[in-house]
Amino acid sequence: QVQLVESGGGLVQAGGSLRLSCAASGSIFSINAMGWYRQAPGKQRELVAAVTSGNRNYADSVKGRFTISRDNAKNTVYLQMNSLKPEDTAVYYCNAEGLRSGSYISFNLWGQGTQVTVSS
């Protein structure tokens with residue numbers, strides 16, 4: 001079994017900062033990519049940022065404000081969110097793609113989601 005556990009959401013005023021964390025645990029052989037998505041009420045889930053071994057990708061709406069980083073030793077991905085805006089309010093989901101140990105079967109998992117609310 002592989003699972004993702006997220007933490008770090010909350011309520012913050014516009015202009016403030018939050019840091020999200022997502023730790024993967026279980027029977028993991030390797031993780032190819034980890035990322036953060038978000039879903040606001042009435043909207044589709046969208047990519048916020050993703051990191052692979054060599055690349056980082058960001059949604060245009062968060063470039064220059066959000067930074068994704070990854071600790072491979074801990075199988076953990078972080079999302080540092082600065083200069084938050086009310087439109088960043090959403091449930092943020094962690095995603096991880098990789099291979100399970102032993103079987104080498106691929107996995108693509110989602111975290112449970114963490115609420116981020118930015119007040120104006």
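This is a predicted model: local features need pLDDT of at least 70, side-chain atom pairs count only at pLDDT 80 or more; totals for chains, interfaces and linings use all residues.

Reader: How many aromatic pairs does the structure hold?

Author: Rings of Phe, Tyr and Trp (its six-membered ring) pair if their centres lie within 6.5 Å; planes under 30 degrees apart count as stacked, over 60 as edge-to-face and the rest as tilted. The structure holds 2 such pairs. For phenylalanine 29 and tyrosine 104, the ring centres are 4.8 Å apart and the planes stand at 85°, so this pair is edge-to-face. Phenylalanine 29 belongs to strand S4 (residues 28–39) and tyrosine 104 to the loop between strand S9 (90–100) and strand S10 (106–110), so the pair ties together parts 75 residues apart in sequence. Strands here are DSSP runs (E, at least two residues), numbered from the N terminus. The other pair, tyrosine 37 with tryptophan 110, is edge-to-face, at 4.9 Å centre to centre and 65° between the planes. It links tyrosine 37 in strand S4 to tryptophan 110 in strand S10, 73 residues apart.

Reader: Is tyrosine 37 buried, partly exposed or exposed?

Author: Buried means under 20% relative accessible area, exposed over 50%, and partly exposed in between (1.4 Å probe, protein chains only). Tyrosine 37 has 24%, so it is partly exposed. Tryptophan 110, with 38%, is partly exposed.

Reader: Which charged end sits over the ring of tryptophan 110?

Author: A charge sits over a ring if NZ of Lys or CZ of Arg is within 6 Å of the ring centre and within 35 degrees of the ring normal. Over tryptophan 110 it is the charged end of arginine 45, 4.6 Å from the ring centre. Arginine 45 also lies over the face of tyrosine 93, at 3.7 Å from the centre of that ring.

Reader: Which cysteines does the disulfide join?

Author: A disulfide is a pair of cysteine sulfur atoms within 2.5 Å. Here cysteine 22 is joined to cysteine 94, with 2.1 Å from S to S. Cysteine 22 lies in strand S3 (residues 18–26) and cysteine 94 in strand S9, 72 residues apart. Both cysteine 22 and cysteine 94 are buried. The angle about the S-S bond is -80°, and the link is left-handed.

Reader: How many residues has the largest nonpolar core?

Author: A nonpolar core is a set of buried Ala, Val, Leu, Ile, Met, Phe, Trp, Tyr and Cys residues joined through side-chain atoms within 4.5 Å. The largest one has 31 residues, and those with the most contacts inside it include Met34, Trp36 and Met81.

Reader: What joins the side chains of asparagine 95 and asparagine 108?

Author: A polar contact is a pair of N or O atoms within 3.5 Å; within protein, one must be able to donate a hydrogen and the other to accept it, and residues adjacent in sequence count only if both atoms are side-chain atoms. One of 2.7 Å joins the side chains of asparagine 95 and asparagine 108. A polar atom of the asparagine 95 side chain also lies 3.1 Å from the backbone oxygen of leucine 109. Asparagine 95 is in strand S9 and is buried, with a relative accessible area of 6%.

Note on methods. Residues are numbered from 1 along each chain as its sequence is written. Side-chain values use heavy atoms; hydrogens and water are left out. Helices (H or I, at least four residues) and strands (E, at least two) are DSSP runs, numbered from the N terminus.
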